[in-house]
Amino acid sequence: MSVRAYAITFRAPPSRPISQRMKPSSTQVRAVLQALDTFEIEVPSWGFADTGTRFGKYLQDAAAIDLNDKLADAGQVHRLTGCCPTVAVHVLWDFQPGQKPAEVMKLAKKHGVRIGSINPNLFQDQHYKYGSFGNPRAEVREAALRHVVESIELGQQVRSDLVSLWFADGTNYPGQGNLRERKHWFEQCLKAAHRKLARGQTLLVEYKPFEPAFYATDIADWGMAYLMAKAAGPQAKVLVDTGHHYVAQNIEQIVAWLLDEDMLGGFHFNDRRYADDDLTLGSIDPYQIFRIFHEIHAYTAERGKAPKIAYMIDQSHNDKPKIEATIQTVMMAQELYAKAALVDHAKLAVLQGRERQVDAEEMLRRAFFTDVTPILQRWRKANGLPADPLAEHRKSGYEKAAGAERKARRKALGLGAGGGYA
Ligand code: PSV
Ligand code: MN
């Protein structure tokens with residue numbers, strides 16, 4: 001076949017992109033608006049601070065220096081997006097020794113936010129070299145438990161109902177530890193921590209396949225986190241960090257199973273290309289996040305009630321401006337949550353029952369490719385928010401003012417070096 005003859009076998013491209021040809025019905029618009037009304041996202045205090053890799057940090061003038069800065073930045077995100085009322089804190093990164101919880105609550109209030117999940121630091125003290133709850137030394141396990149119990153009490157004092165546990169525990173070499181014994185220590189400590197929870201407090205157990213341990217991480221996957229949460233007690237649930245999976249893993253299936261078991265406690269949103277890269281949500285694979293939201297909406301439609309899930313961001317914005325990256329993530333989460341709410345679950349069930357595989361898949365694809373910007377803008381307008389929070393942030397001059405003030409403060413405090421291995 002000549003090149004010319006071959007070329008005419010192609011169809012002319014559609015005159016308008018597929019997204020514009022799919023106009024949501026009024027029922028779909030209502031479903032999206034309703035979904036957005038209850039969709040809240042927690043931002044992490046550490047997402048506003050200078051972070052980096054073990055090779056160093058590139059500092060940003062406007063990066064937060066202390067908890068006041070972090071809460072102020074979170075306040076800016078919430079003012080513009082209207083859906084981020086709480087801020088996750090890492091106890092030892094954010095609370096000064098002896099700092100009064102009531103003062104911290106007041107500070108958060110001043111900036112228009114509240115303290116959200118409490119994250120104990122079970123990885124930075126020297127005695128955690130060989131683990132915290134999985135440490136072979138009983139006194140280290142006791143110290144770790146004490147810190148978790150203090151974190152639970154702190155949660156009660158700042159009126160936060162989530163204590164989020166991530167363990168860096170694991171071993172780096174075969175034979176180094178007794179894998180089953182470590183599991184038992186974990187069970188014992190988690191049970192003891194659970195006993196200290198007040199009514200209404202939830203203990204989240206996060207998993208991660210590797211890093212910093214590279215041979216055997218003690219809580220490496222959702223099955224292990226599920227067993228640990230079950231062993232801890234009825235107020236413990238699993239936390240799914242989207243970056244904590246091997247690339248080929250089907251995260252939405254994990255989500256569906258945890259939902260079905262009433263064991264899904266929350267998410268840490270981020271994206272990754274390789275491992276736990278902490279990139280902004282949906283920057284690499286937005287369809288993955290859409291599929292996760294689809295499972296949640298499908299479950300909600302089936303049960304007639306949305307499950308209680310803590311949606312939280314866990315990202316490190318190493319080189320992007322911190323507030324912009326956070327707003328970008330929030331907007332992306334809302335957009336994908338909205339797209340997933342377009343799916344007609346009753347219709348999908350019929351297609352599934354009739355084994356109309358292509359049509360069923362098309363329902364998801366079409367929802368994903370529908371432009372929901374007008375609905376999001378309508379929701380924002382109805383809530384007195386800017387139509388484009390990112391553009392509004394850029395216009396506000398916040399970054400410039402924070403940059404100038406924090407740069408001067410950093411200098412006065414003698415802070416500066418980027419850090420690294422040496
Ligand atoms: C560990 O990689 C993790 O995902 C945990 O959730 C920590 O709390 C967070 O990152 C710290 O950035
Ligand atoms: Mn996480």
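Here are some worked exercises on the predicted model above.

Local features are taken where pLDDT is at least 70 and side-chain atom pairs count only at pLDDT 80 or more, while totals for chains, interfaces and linings use all residues of this predicted model. Residues are numbered from 1 along each chain as its sequence is written, and chains are lettered from A and ligands numbered from 1 in the order in which they are written.

**Exercise 1. The ligand shell**

Find which residues are around ligand 1, and sort the shell into nonpolar, polar and charged.

Step 1: Take as near any residue whose C-beta atom, placed from the backbone, lies within 6 Å of the ligand. This gives Trp 46, Asn 119, Trp 166, Glu 206, Lys 208, Asp 241, His 268, Asp 276 and Asp 314.

Step 2: Count Ala, Val, Leu, Ile, Met, Phe, Trp, Tyr, Cys and Pro as nonpolar, Asp, Glu, Lys and Arg as charged, and the others, Gly among them, as polar. The shell then has two nonpolar, two polar and five charged residues.

**Exercise 2. Backbone exceptions**

Now examine the bond that joins Glu 211 and Pro 212, then phi of Glu 211 and of Asp 278.

Step 1: The peptide bond between Glu 211 and Pro 212 is cis, with omega about 10°. Pro 212 lies in the loop between β8 (202-206) and β9 (216-217); strands here are DSSP runs of E with at least two residues, and helices are runs of H or I with at least four, numbered from the N terminus.

Step 2: Glu 211 belongs to the loop between β8 and β9 too, and its phi is positive, near 80°.

Step 3: Asp 278 also has a positive phi, near 55°, and sits in the loop between β11 (264-269) and α10 (286-303).

Step 4: Are these residues buried (20 or more other C-beta atoms within 10 Å of their own, placed from the backbone), exposed (12 or fewer) or partly exposed (in between)? Glu 211 counts as exposed because it has 12 C-beta neighbours inside 10 Å. Asp 278 has 21 other C-beta atoms within 10 Å, so it is buried.

**Exercise 3. A helix pair**

Describe how α12 (residues 345-353) and α13 (residues 357-369) pack.

Step 1: The axes of α12 and α13 come within 8 Å and cross at roughly 155°.

Step 2: Angles under 35 degrees count as roughly parallel, over 145 as roughly antiparallel, 65 to 115 as roughly perpendicular and the rest as oblique. So α12 and α13 are roughly antiparallel to each other.

Step 3: With contact meaning C-beta atoms, placed from the backbone, within 7 Å, α12 contributes Lys 347, Leu 348, Leu 351 and Gln 352, and α13 contributes Asp 359, Ala 360 and Met 363. These residues divide into four nonpolar, one polar and two charged.

**Exercise 4. Placing Glu 399**

Locate Glu 399 and find which residues it touches.

Step 1: Glu 399 lies in helix α16 (residues 398-413).

Step 2: Because 19 other C-beta atoms lie within 10 Å, Glu 399 is partly exposed.

Step 3: Leaving out residues up to four places away in sequence, Glu 399 touches Ala 62, Pro 321 and Ile 323.

Technical notes
Axes fitted to C-alpha atoms, helices over the stretch in contact; angles between N-to-C directions. Contact = placed C-beta atoms within 7 Å.
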